Amino acid sequence: MRHEEYKEMLAVYALGALDASEARALEEHLATCRECSQEAALWLDTASALALTSAPAEPTPELRTRILESVRTIAQPSRSSRASRDVEGETEGAQSLGAKVVEMRPSARSRRSFASLSFGAIAATVAILSLTAALLVLLRRFNELQRRYEREHTAVEVLAKQVAEEREARELLTAPQSRMAQLSGTAAAKEASARLAFDPQTGRAMLFAYNLPPAPAGKAYQLWYIEDLAHPVPGGVFNTDARGGAVMHDRVPEAGRKASVFAVTLEPQSGASAPTGDKYLLSPIS
Amino acid sequence: MDGAVEVLAHGGPSRIRWALVTSGLVATKALRPEQAQTSDTELLHAIARGDEQALASLYDRYRLILFGLILRILHSRPEAEDVLQDVFIQVWKRAADFDESRGRPFTWLVTLCRSRTIDRLRALESRQRTANEAVQGTEESVSDSEQDAMRAEQSAVVRECLGELPREQRETLVLAYFEGLTQTEIASRLGAPLGTVKTRMRSGMIKLRELLGERLKGFL
């Protein structure tokens, strides 16, 4: 493929939308073409601006602590391993697209000095170049394997989490002390319904919701555990999938474990300490 | 960075923002992220030296934008929090790879974040295909967080620019960026020829870059 054809692919590459084989070919070109790698960085700026069109959302405050605790146990990579990644060129991040350019053709000055070298020196240079090339090939292969490992490791982690969630669901649904409650849609969501299973001893809870309308941007649904109608105890916050369904795992606070009424309201995405929005789901009030 | 921009970049109370808007400061300074950018670069250099406080500051500065992006793609808070944690661990490990001569810190961070999120989406999709909500999302009126007034201003400009693209171009950009679909997958999803999709995506990106260049000088 020609330089101009690669250049035309850069905008779509920045969106991450090239097919795998095209992306690989373009990345090989980027490693040797300064013009395209600079142009790619500009297209990535445009693509990254799209991130700003998402509604900002607040993660739970505990996440910050978890992150800072986890990095304390992670030593930063040594400079030598960083350098090896740099030679190979990362596939993730804007920097990958500005991958360092390796000048393959010798300049006029280096050609002159090349001619003046003795045969021995030439042989030594050739040997060093061959070794360097072999090393680069090995590095590339090593990094490919490392990336594949990381991808598969992520998939395994996801599966392990799903299995753990399913085991928890089975235990919760079959435990003799578990209680079930049915929630019906209010006037705000007549088609909606939900089932809540919870274990008053351990506080484990799962809510299975169906046919809820999509929460507006910046909002989410929140579950409430109600023993005293005047003081609902806040539960977990959740969003629905494309079909309006949701499965939420929750841990009922001590104060909510004697609850006999349950409700779901629409709240700010970060959750609320007392209900502020409309009710969407409600269990019968006895 | 001067005091006024510091407040804007790191989220002061909304009344401060409106006071600044009235005084004309926001209009003149809010769209010049290069003033905040210097600090982003410094933070990444400090993180590369193992400064945990710098990582905490970068997290405080970008958690809302990045979490919003991840949540829009994954539609699940627990998954999104897992990914955000992973992103900041990657930032910790890779901060030394960041080279300001080769790109902007914001782009580096967002690209890393989107890439990890799309990886997670694909891993999850092997079990359950999620959401076709991204396209609808662009049509919604998105509420701005007052915590980061400067980014809120930029966000409004980007949404406005995206909104000016013809719908079929905008649709391909959103499907690619927020659903992680390739151009072939988009063609199949829309039932349109691949060549048409390629043209729409490229034209959309060219138009978007042009509009952002006019209205967000300093950002691009």
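**View 1. B:Ile70 and its contacts in the predicted model.** In this predicted model, look beyond the neighbours within four places in sequence and you will find B:Ile70 in contact with B:Ala80, B:Val83, B:Leu84, B:Cys113 and B:Thr117. B:Ile70 also belongs to the largest nonpolar core, where B:Ile70, A:Leu15, B:Ile47 and B:Val91 are the residues with the most contacts inside it.

**View 2. The nonpolar cores.** The largest nonpolar core has 83 residues. Helix α5 (residues 52-74) of chain B gives the most to this core, contributing 14 residues. Another core, of 30 residues, lies apart from it and includes A:Ala192, A:Met206, A:Val252 and A:Ala263. As a general guide, nonpolar side chains in soluble globular proteins tend to be buried together.

**View 3. Where chain A meets chain B.** Here 60 residues from chain A and 79 residues from chain B take part in the contact. On the chain A side, the elements giving two or more residues include α1 (3-14), α8 (119-174) and β5 (233-238). Sorted by class, this side of chain A has 32 nonpolar, 15 polar and 13 charged residues.

**View 4. The open sheet of chain A.** Follow the 8 strands in the order β5-β4-β7-β8-β1-β2-β3-β6, with antiparallel pairing. β5 and β6 (246-251) of chain A stand at the edges with a single partner strand each, so one side of each has no neighbour in the sheet. On average, neighbouring strands are turned by 25° against each other, direction ignored.

**View 5. Strands β2 and β3 of chain A, with helix α8.** Strands β2 (residues 193-198) and β3 (residues 204-210) of chain A run antiparallel and are joined by 6 bridges. A:Ser193 stands opposite A:Tyr210 in β3(A). Helix α8(A) lies across β2, β3 and β6 of chain A, running at about 100° to β3(A).

Key. Residues numbered from 1 in each chain as written. Chains lettered and ligands numbered in written order. Predicted model: local features only at pLDDT ≥ 70, side-chain atom pairs only at ≥ 80, totals over all residues. Contact = placed C-beta atoms within 7 Å. Helix = DSSP H or I, 4+ residues; strand = E, 2+ residues; numbered from the N terminus. Nonpolar A, V, L, I, M, F, W, Y, C, P; charged D, E, K, R; others polar. Core = buried A, V, L, I, M, F, W, Y, C linked by C-beta atoms within 7 Å. Buried ≥ 20, exposed ≤ 12 C-beta atoms within 10 Å, placed from the backbone. Pairing = 2+ DSSP bridges. Axes fitted to C-alpha atoms, helices over the stretch in contact; angles between N-to-C directions.
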